[in-house]
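Here's a short tour for anyone meeting this structure for the first time. Have a look at it below, then read on.

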Amino acid sequence: MASDPIQEEIARTIAENDVVLFMKGTKQFPQCGFSATAAKILEHLGVTFKDVNVLEDQAIREGIKAYSNWPTIPQLYIKGEFIGGCDIMREMYAAGELHDLICEKGIPHSHHV
Amino acid sequence: MAMPAAEIERLIKARFPDAKIELKDLAGDNDHWAAHVVSSAFKGKSRVQQHQMVYDALGGRMGGVLHALQLTTASPAD
């Protein structure tokens, strides 16, 4: 893994940003309903996050699936840890668990649910 | 590029024989599914691990042939 430049780039992006969402499109212009939902959840929580548009880079798009052993986009990472895709984010958000998690991890956010 | 309910159920059952599976056809097109899967195999696993187990049972179809599956998982005690 360490010798694969794409895997290294992904690891670096995740290490350098507390909250990263790999998505189709951008947070301003999501290009898939699932990615739009994921971005919206983070916006509801008032979390600042880095969005990585996988549609701009086929290598990242495939690489992120290998990185996490997860077959779909979007994918959320908080403090280096893979949290889940759209379904898990939705479930955690509805249960208040996503808010608890960002509190635990010390992620600044403006809305408290 | 659709995957019928029976096929999804068969693949999940083959891996988790005790699984209770509820499938909902979200768009009425045999292609956008919501699945709720309950199995004792999920006990003690994180959500991510539970979903990975289901995706693994689906043998790489998730994200391919099966492009829209909303998944929730639980173990019987939950």
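Of the 113 residues in chain A, 37% count as buried; a residue is buried if 20 or more other C-beta atoms, placed from the backbone, lie within 10 Å of its own. Keep in mind that this is a predicted model, where local features need pLDDT of at least 70, side-chain atom pairs count only at pLDDT 80 or more, and totals for chains, interfaces and linings use all residues. Residues are numbered from 1 along each chain as its sequence is written, while chains are lettered from A and ligands numbered from 1 in the order in which they are written.

Chain A is built from five helices and four strands, and along the sequence they run α-β-α-β-α-β-β-α-α. Here helices (H or I, at least four residues) and strands (E, at least two) are DSSP runs, numbered from the N terminus. The radius of gyration of chain A, taken over C-alpha atoms, is 13 Å, close to the 13 Å from the globule rule (2.2 Å times the number of residues to the power 0.38), so chain A is as compact as a globular protein of that length. Its C-alpha trace spans about 40 × 25 × 20 Å along the principal axes.

Now for where the chains meet, with contact meaning C-beta atoms, placed from the backbone, within 7 Å.

| Chain | Residues in the contact |
|---|---|
| chain A | nine residues |
| chain B | 10 residues |

On the chain B side, α2 (47-57) and β3 (68-74) each supply at least two residues, and α2(B) gives the most, with five residues.

Definitions and conventions: Contact = placed C-beta atoms within 7 Å. Buried ≥ 20, exposed ≤ 12 C-beta atoms within 10 Å, placed from the backbone.
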